Each structure stands twice: as C-alpha cells, then as structure tokens.
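Here is a briefing on one protein chain.

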Amino acid sequence: ELNAGAIKRALDIGADGIVVPWVESAEQLRQAVSFARYPLDGMRGIGAERATAWGQAFVEHTAGANEHVLVVPIIETVRAARQLPAMLTVDGVELFFFGPADFSASAGFRGQWEGPGVAEQIVAIKDQIIAAGKHCGVMTTSHDDLTQRVAQGFRMLGLGTDAGLLIRTVRDSLRVVNRDCRMQADLSACEPLATSAPLATPPESFRPDRRESMTRVGEQPGVELAPGVQFTPLVGKHNAARNLTTGLVTFAPGARLPTHDHEFTESVTVLDGTLTFEVEGRQYRLERLDNVTIPRGVAHSAVNAGRQPVVVCVALATDTPARRLIDQFFPRRQMPDAATGLPGKERITRTKTAARTAAGPNTEFVDFFNAELMPGIEMSGGYALFHPGGRLPAHLHDFDESISIISGHATCVVEGRRHAMSDRATALQPRGRVHYFINESHDTMEMLWVYAGPRPERIIVAESCATVEGNPWK
C-alpha cells in the first residue's frame, strides 16, 4: 500500500522493489518514490536489517539503492488511466503494472477480468507508456494469454498466484477425464460438472419469457453481403434472440467478402468447400469443420478461390449485426496448415484433430471459443458429434443458445415438445428453457452450438423437467 512504514519494511528486509496498488495520480506516485528513496531524493529511513547487511554495509548499500530500487505502480482504475500523462513524467518510475479486474470494476463491470472495451483500453494505455520510453506488466491468466501478452509488448508477466497455478494444473488434469468442476464463492458446489446432482427444478429467477424457435434453411429472406456472397439468417432479431446472431453464408466461385471488422466477436465454421480466410494479411486455408474466431476490432476478409460454392456457418455476439469496411492494406502471408492463429487476434481450430470431451453418453465435443481460450470474448461455442443413442441431460442456460444440425437427424426436446431437426435446421433456445438433444437415428449426427455467454455452462435439472407433465414453467 502507499504507506511509508510498509514500504520501508519491505525494502529494509531486502526487496529490490515495491509494487504499489491503486495509484491514481502523479502526486501519489511521487510520494511512493519518495518513500522508497533515501535523502536527499526521498524520505526512506536507514535501517539495520538485511538490505544493509544488518548495519554492516551502510555506505555500500545506500550509495546505489536510489538508482536500483524499482517503484512499480498498478494502474487499476479508470481515474488512473485519465491521469496517465502526468504520471509518465514522474522521475524514478520505469515500469507500470496493470490490474485488469479492478480496472473492469471501476469501469462498471465488477466481477469480470476484462469487461467490454477494457482489453482495448489496457492495450492503448500500454502503447502510451511504451511511447514514453517505459515498460509495462500484467498478470496472465493462461498459457495462451501469456503468449498474447508477450506479442502485445508487455515485459513483466505474472504467471499466476500460487493457488491459481495449483488450481489451473489440477483442472487441466480433471478435464482430461471429463471431471472438471467450477468452484463457487462459498465452496459449497465443487462436484465435477459432469456428475453434479441435477436440480429438482430450475431456479425461479430463470423463468423464460420466450418460446423456443426452430428455423429451417430458407425460411427467412437472405441478405447480399457482397457480390456473390449471400447471408441466410437462422437465429437473430427475427426470432427474438438476445446478444446472438447465427446464419449461413454462401460464397459463389470467385466471390470475395471485403475487409471489415465488427464491434463484437465473430466465429466462422466451414461446412462445404474450401475457404481462404484472411486476418490482417494472414491467410488461412479452411476446410470442412475448420473454425476461425475473430475478436472485436480485428480486420478480416474471405474469398472463395475455388470453382464450387463454399458454405460457412457464422455466429456473431450481437442481435444487431453491423460491420465497418476497412480501407487499409495488409501485407499478405500464407499461414501453414497447422497454424492456430495469432494470440489476441484470431483463433483457428481444426476440428478433425482437436481434443474432444464428452458432455453426455455417446457424444464428442470440441470447444472452438470461450473465455478461457480467448480472454475477453463475449460468447462461447463449438462442435458436437452424437453417435446413435447419444444425448445430453435435461438442462438450461443463463443465456440464449443457437444449435445448428449440420448433418444427420436430431430430436430436440423442450419441456415435452419434440422437434425433428436435420439439413442445417437451427434451434433458438431462450434463456431458462429446459431442453436436451438426442440422436434417435442409426447414423451419426453433427451440430454446431453457440452460447450468448462467455463460458459453456449448463444447469442440469431432473429429467422430469423436460416432460409435459413435469414442465416447471407451465
């Protein structure tokens, strides 16, 4: 803390620097530097502890301490960001650290690591600091996030806390055998997600205000995005979806979607043909079931360079999609077939070779995108394969969901209402509707699922809740 006694104590016992939280002004920063420096540059008292070899090396230690002790302020509020120009002028500060969670809280997004727009603000502030000839640090949340932060130019990287590193390792091991769990604040519900006891009935706060909606391809009028590029809506404003749009985009041979970006995340999965997808000049060759996910604000385009039409399934983290055309040249570079994207920009998933988990008997699931894979993302989703008899337990979500049946036949059961689905038909499951999918055919069934929430979380309830008689909302 910004406290003379606490700072003196840390430095006297031998620390080579201090990290001071919640610094919001140049005056506070100058005070921190003063507490860490001996007179005449500051007001640190000389102690006879480890730093001075218990009083045996006063001269040697004090001669260089003022130049060698680091004072690192944490920028963790919106107010601190506004005061940054003045803070950059304070002598004796070479490194600034970021606290994303507190910054998000001060921006009105309490409980989020990087709330909407916060990730972009932190990167912009980092650029200002580097331009002033100083360095930046931040805590990282995963291996992918560590790689991303290095690429962004951060040079002091926190790998995690002791408890966080231990929990991350344990959860990685549990995930391999489908026994991962989500910890609760009161530590009362830490059973594995796959085996948690189902709720007898959903919480009343989840009572839905809309019915499910089934859309077959072609039922809604299409939109031409560019010459030869046609969008067919499946889930969106037309069926009262919230924070989510999904649909099919068909590229005629030679058709190109011009470079653009969005104010929300977009995901693209190839269903037919081979698509060339470009992100800021990086070109990826995508085949069937390959997925690319692009965060908000990243320029991208796509072209069908082949002689056959290409069909992709797109998902957008909004119910009011819009795009901004980008008139900027990016040097083009063909990426290797095994490339997984540039951290912080795009994420590429090759479904055929990706790791798989089970969410129910006779099922295989692949995660394309979520908050753990892409910090700061607004939605989550992936691919699922249902073998004959494969099914999910009765469940509901705290957000809307889109499910597209891309091959085979599925039965969607919603509170006793049965819907037969095939041929890329898509279901909108509103928040709170109890449902499950089952493959009652003799062939495999494939689906693409997207949640209008950053984590793929299901609330499992008693099977009776998915029947006409046990419908909790009747």
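The structure holds 35 salt bridges. A salt bridge here is a side-chain nitrogen of Lys or Arg within 4 Å of a carboxyl oxygen of Asp or Glu. This is a predicted model: local features need pLDDT of at least 70, side-chain atom pairs count only at pLDDT 80 or more, and totals for chains, interfaces and linings use all residues. Residues are numbered from 1 along each chain as its sequence is written, and side-chain values use heavy atoms, with hydrogens and water left out.

**Salt bridges**

- Glu 120 pairs with Arg 296, with the closest N and O atoms 3.0 Å apart.
- That pair links distant parts of the chain, 176 residues apart: Glu 120 sits in helix H7 (residues 118–131), Arg 296 in the loop between strands S14 (290–294) and S15 (300–303). Helices (H or I, at least four residues) and strands (E, at least two) are DSSP runs, numbered from the N terminus.
- Glu 120 is partly exposed at 36% relative accessibility, whereas Arg 296 is buried at 16%. Buried means under 20% relative accessible area, exposed over 50%, and partly exposed in between (1.4 Å probe, protein chains only).
- Arg 282 bridges to Glu 346, the closest N and O atoms being 2.8 Å apart.
- Arg 282 lies in strand S13 (residues 282–286) and Glu 346 in the loop between strands S18 (333–334) and S19 (347–350), so the pair ties together parts 64 residues apart in sequence.
- Arg 282 is buried at 9%, and Glu 346 is buried at 2%.
- Arg 211, Glu 212, Glu 415, Arg 417 and Arg 433 form a salt-bridge network.

**Nonpolar cores**

- The largest nonpolar core has 54 residues; Tyr 383, Phe 386, Ile 405, Val 434, Phe 437 and Met 447 touch the most other members. Such a core is a set of buried Ala, Val, Leu, Ile, Met, Phe, Trp, Tyr and Cys residues joined through side-chain atoms within 4.5 Å.
- Elements giving two or more residues to this core include strands S16 (310–316), S21 (380–386) and S23 (401–407).
- S28 gives the largest share, 6 residues.
- A second, separate core of 32 residues includes Ala 26, Val 33, Met 87 and Phe 103.
- Beyond four places in sequence, the contacts of Phe 437 include Phe 386, Ile 405 and Met 447. Contact means heavy atoms within 4.5 Å.

**Whole chain**

- The secondary structure comes to 9 helices and 29 strands.
- Of the 474 residues, 48% count as buried.
- The C-alpha atoms fill a box of roughly 85 × 55 × 35 Å, taken along the principal axes.
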